[in-house]
Amino acid sequence: MTEKVQKSDQEWRKILTEEQYNITRLKGTEPPFTGKYNHFKDRGLFRCVGCGAELFSSQAKYDSGSGWPSFYQPVDKVNVRVERDASHGMLRTEVLCECCGAHLGHVFEDGPQPTGLRYCINSAALNFEPEEGG
Ligand code: FE
């Protein structure tokens, strides 16, 4: 899979904060209930902090109680990539930005309908863009 946005480690370090870098490039996880979008309810679009790709809409955001922003679906499935993740002694499905390869979080099968999915995403991997007039 060829990513459309490719940058060197040095370039990523320049454009991202340390927290954004640790999460998106080193596959880190922000502590639960600390992220700026966990309890955030404004209407708009969440874009990739690395490349600006459209990832999640506030329309699909819900309170999962997990401590991380949770969505039941991405804006478009082609904008995210999933990979098997066997790290930390768990079997999980990692969610990445298809455009730049940023680690976003994980997806679990305990979400609400209509998808039954819970995209559990780090706030630090996202940039919010308010809806026009909203
Ligand atoms: Fe991206």
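## Briefing: iron site, core and side-chain pairs

I121 touches E30, F56, W68, P69, F71, V95, L104, G105 and L126, leaving aside residues up to four places away in sequence; contact means heavy atoms within 4.5 Å. The model is predicted, so local features need pLDDT of at least 70 and side-chain atom pairs pLDDT 80 or more, while totals for chains, interfaces and linings use all residues. Residues are numbered from 1 along each chain as its sequence is written, and side-chain values use heavy atoms, with hydrogens and water left out.

**Iron site**
- Four SG atoms coordinate the iron ion, those of C48, C51, C97 and C100, at 2.3 to 2.4 Å.
- Donors are N, O and S atoms within 2.8 Å of the metal (3.2 Å for Na, K and Ca); water is not among the atoms, so sites may look incomplete.
- The site is tetrahedral, with angles of 100 to 116° among its 4 donor atoms; for four donors, that label requires all angles between 85 and 135 degrees.
- Ideal angles for four tetrahedral donors are 109.5 degrees.
- The donor spacing in sequence is C-x2-C-x45-C-x2-C.
- C97 and C100 are both buried (buried is under 20% relative accessible area, exposed over 50%, partly exposed in between, with a 1.4 Å probe and protein chains only).

**Nonpolar core**
- The largest nonpolar core has 25 residues, of which L55, F56, C97, L104, Y119, I121 and L126 touch the most other members.
- Such a core is a set of buried Ala, Val, Leu, Ile, Met, Phe, Trp, Tyr and Cys residues joined through side-chain atoms within 4.5 Å.
- Two or more residues each come from β1 (44-48), β2 (54-57), β6 (92-97), β7 (103-108), β8 (118-121) and β9 (126-130).
- Strands are DSSP runs (E, at least two residues), as are helices (H or I, at least four), numbered from the N terminus.

**Aromatic pairs**
- The whole structure holds 9 aromatic pairs.
- Rings of Phe, Tyr and Trp (its six-membered ring) pair if their centres lie within 6.5 Å; planes under 30 degrees apart count as stacked, over 60 as edge-to-face and the rest as tilted.
- Y37 and F46 pair edge-to-face, at 5.2 Å centre to centre and 75° between the planes. Both residues are buried.
- F56 and F71 are stacked, because their ring centres are 4.5 Å apart and their planes at 20°.
- F56 sits in strand β2 and F71 in strand β4 (residues 70-71), so this pair ties together parts 15 residues apart in sequence. F56 and F71 are both buried.
- Ring pairs link Y37, F40, F46, F56, F71, Y119 and F128 into a cluster.

**Salt bridges**
- The whole structure holds 8 salt bridges (a side-chain nitrogen of Lys or Arg within 4 Å of a carboxyl oxygen of Asp or Glu).
- R13 bridges to D9, with the closest N and O atoms 3.5 Å apart. The two are 4 residues apart in helix α1 (residues 9-15), so about one helical turn separates them.
- R13 is exposed at 51% relative accessibility, whereas D9 is partly exposed at 43%.
- E54 meets R47 at 3.7 Å, N to O. E54 is partly exposed at 34%, and R47 is partly exposed at 22%.
- E83 bridges to R81, with the closest N and O atoms 3.2 Å apart. E83 is partly exposed at 33%, but R81 is buried at 14%.

Definitions and conventions. Four donors count as tetrahedral if all angles lie between 85 and 135 degrees; four count as square planar and six as octahedral if opposite donors are over 155 degrees apart and all others between 65 and 115; anything else is irregular.
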